[in-house]
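Below is a briefing on one protein chain. The notes after the structure are grouped by topic.

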Amino acid sequence: MIEIMLFARFAIMELRLATDTPTFILDTLDDDKQIAWIDDFANRVQWPVSDAPSAYLLDSGVNPAHNLIEPSIAANKQDAVVRSRAVDD
């Protein structure tokens, strides 16, 4: 696959191995600063209207109380494949 990309168009000039492990900005902040960053971000997001198109996420559970999730996930729209499990585990 890499050979095809390299020789098909000559668009790739160089390939190098990654030498750094990517980190997210919140990983470098203490707990109070993380919460402040998330709150600030949540206040600037334009949340979708209630009848906006939606997508389905298959996961082992969602924490709807999180500041960046709560405004966009309606409690009555959550469901679990295994009925005996909580939808917010």
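W37 is partly exposed, with a relative accessible area of 31%; buried means under 20% relative accessible area, exposed over 50%, and partly exposed in between, with a 1.4 Å probe and protein chains only. This is a predicted model, in which local features need pLDDT of at least 70 and side-chain atom pairs count only at pLDDT 80 or more, while totals for chains, interfaces and linings use all residues. Residues are numbered from 1 along each chain as its sequence is written, and side-chain values use heavy atoms, with hydrogens and water left out.

- F41 is also partly exposed, at a relative accessible area of 35%.
- W37 and F41 both belong to helix 2, where four residues, about one turn of the helix, separate them. Helices (H or I, at least four residues) and strands (E, at least two) are DSSP runs, numbered from the N terminus.
- The count of aromatic pairs comes to one. The ring centres of W37 and F41 are 5.8 Å apart and the planes lie at 5°, so this pair is stacked.
- Rings of Phe, Tyr and Trp (its six-membered ring) pair if their centres lie within 6.5 Å; planes under 30 degrees apart count as stacked, over 60 as edge-to-face and the rest as tilted.

- I25 sits in the loop between helix 1 (2–9) and helix 2 (31–44). With 45% relative accessibility, I25 counts as partly exposed.

**Salt bridge**

- One salt bridge is found in a search of the whole structure. The term means a side-chain nitrogen of Lys or Arg within 4 Å of a carboxyl oxygen of Asp or Glu.
- The partners are D40 and R44, with the closest N and O atoms 3.0 Å apart.
- Both D40 and R44 lie in helix 2, four residues apart, about one turn of the helix.
- D40 counts as partly exposed at 40% relative accessibility, whereas R44 is exposed at 56%.

**Segment after helix 2**

- P71 is found in the segment after helix 2 and is partly exposed, with a relative accessible area of 40%.
- Neighbours within four places in sequence aside, P71 is in contact (heavy atoms within 4.5 Å) with W47 and H66.
- Between the C-alpha atoms of P71 and S50, 21 residues apart along the chain, the separation is 9.6 Å.
- Q46 also lies in the segment after helix 2 and is exposed, with a relative accessible area of 77%.

**Whole protein**

- The secondary structure comes to two helices and zero strands.
- Of the 89 residues, 8% count as buried.
- The accessible surface is about 8,600 Å², and 56% of this belongs to carbon and sulfur atoms. Accessible areas come from the Shrake-Rupley method with a 1.4 Å probe; for residues, only the protein chains shown count as cover.
- Among contacts with a separation of 6 or more, 46% are between residues 24 or more positions apart.
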